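This is a short walk through one structure, taken part by part. Keep the sequence and the model in view while reading.

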Amino acid sequence: MRSKDLLSISDLESHEIRLLLADATALKAEPRQNTLAGKTLALVFEKPSLRTRVSFELAIKQLGGEAIYLSPAEVGLGKRESVADVARVLSRFVDALAVRTFSQGTLEELAQWARVPVINALSDTEHPCQALADLLTIFEHKGEFPGLKLAYVGDGNNVAVSLALAAASVGLNCTVATPKGYEMPAAAVRQARALAATNRCVFNAVNDPAEAVKGADAVYTDVWISMGQEAENEIRLKAFAGYQVDEALVSQAKPDALIMHPLPAHYGQEVAEGLLDRPQSVVFDQAENRLHVQKALLADMLGGLLMSWAA
Ligand code: CP
Ligand code: NVA
């Protein structure tokens with residue numbers, strides 16, 4: 001990989017994303033390898049997690065290495081100890097950090113001081129590992145990306161931003177529909193448009209969910225109240241009313257459209273009860289694919305080869 005760290009999905013070039021997806025497919029077929037024997041990954045988490053923690057721990061273990069999980073209370077990033085010191089201390093012990101933070105700035109500061117690679121395991125701004133798993137899932141179900149349309153309906157924050165940038169990088173048309181006031185940051189919209197132009201696809205940001213979903217090959221949503229936003233519960237429930245992904249909305253997509261969600265889901269809010277139990281729902285494939293794409297990432301970042309062998 002060109003970059004030491006994965007802080008944003010845009011740290012990966014288009015061809016690197018494609019190679020990582022190919023590596024992930026290879027590792028999915030042959031899950032256990034010993035290429036990272038002796039390597040250690042620290043998981044530094046400021047927020048709770050099910051998928052990200054389990055998939056990163058298993059990823060390094062299945063490649064022969066080991067993981068150390070540090071919970072929000074243990075590390076006290078920037079509180080018990082400065083971010084710079086945490087980065088410098090951990091760099092003496094481990095070979096990579098997977099970090100879940102509130103602020104993207106904390107990740108950037110860690111990466112600046114760490115001698116070892118830092119991987120964004122979700123921040124308020126981006127969720128690049130999720131986006132890689134999402135692309136792999138779409139690829140597995142639909143084949144190539146060009147010509148497809150992905151619709152995202154909901155909050156224009158971390159998951160939407162990484163997904164939109166990832167889609168634009170691989171030539172997948174994408175429309176993001178958000179309520180007014182909850183759009184993707186303007187810089188991310190500009191970046192997605194520029195990437196889409198380079199990769200011969202279209203990125204659109206709209207406020208009308210029906211416009212986004214019309215004729216889509218995949219319909220994606222995420223929670224309305226992200227971790228850390230619990231105090232905004234009431235105001236957000238009002239703002240997002242009308243943005244639920246339900247039967248009526250999905251019926252405007254193609255009949256075989258995939259239904260996607262990074263999980264955890266808040267049933268009855270962003271997604272109607274029962275919708276994720278339908279055959280078109282690929283949410284558990286998305287969850288499983290976190291493991292495979294993160295193995296590909298770790299193998300590449302820590303010298304365990306792949307980047308699809310020949311490249
Ligand atoms: N999708 C995802 O990142 O899930 P967790 O918050 O459980 O890790
Ligand atoms: N947007 C959600 C994603 C969780 C995987 C959050 O930040 O809580």
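The model is predicted. A place to begin is strand 8, which covers residues 218–221.

Strand 5, residues 149–153, pairs with strand 8 in the parallel sense, over 4 bridges. Within this pairing, Ala151 has Val219 of strand 8 as its bridge partner. Strand 8 also pairs with strand 9, residues 258–260. That pairing is parallel too and has 3 bridges. Here Tyr220 stands opposite Met260 of strand 9.

The helices come next. Helix 6 spans residues 128–142 and helix 7 spans residues 158–169. Their axes come within 8 Å and cross at roughly 50°. Because of that angle, helix 6 is oblique to helix 7. The crossing of helix 6 past helix 7 is right-handed.

Which residues surround ligand 1? They are Ser49, Leu50, Arg51, Thr52, Leu122, Gln130, Pro262, Leu263 and Pro264. Sorted by class, this shell holds 5 nonpolar, 3 polar and 1 charged residues.

Notes:
Residues are numbered from 1 along each chain as its sequence is written. Chains are lettered from A and ligands numbered from 1 in the order in which they are written. This is a predicted model: local features need pLDDT of at least 70, side-chain atom pairs count only at pLDDT 80 or more; totals for chains, interfaces and linings use all residues. A residue is buried if 20 or more other C-beta atoms lie within 10 Å of its own, exposed if 12 or fewer, and partly exposed in between; C-beta atoms are placed from the backbone. Helices (H or I, at least four residues) and strands (E, at least two) are DSSP runs, numbered from the N terminus. Two strands pair if DSSP finds at least two bridges between them. A residue is near a molecule or strand if its C-beta atom, placed from the backbone, lies within 6 Å of it. Ala, Val, Leu, Ile, Met, Phe, Trp, Tyr, Cys and Pro count as nonpolar, Asp, Glu, Lys and Arg as charged, and the others, Gly among them, as polar. Axes are lines fitted to C-alpha atoms, for helices over the stretch in contact, and angles run from 0 to 180 degrees between N-to-C directions. Angles under 35 degrees count as roughly parallel, over 145 as roughly antiparallel, 65 to 115 as roughly perpendicular and the rest as oblique. A crossing is left-handed if the near helix is turned anticlockwise from the far one by less than a right angle, and right-handed if clockwise.
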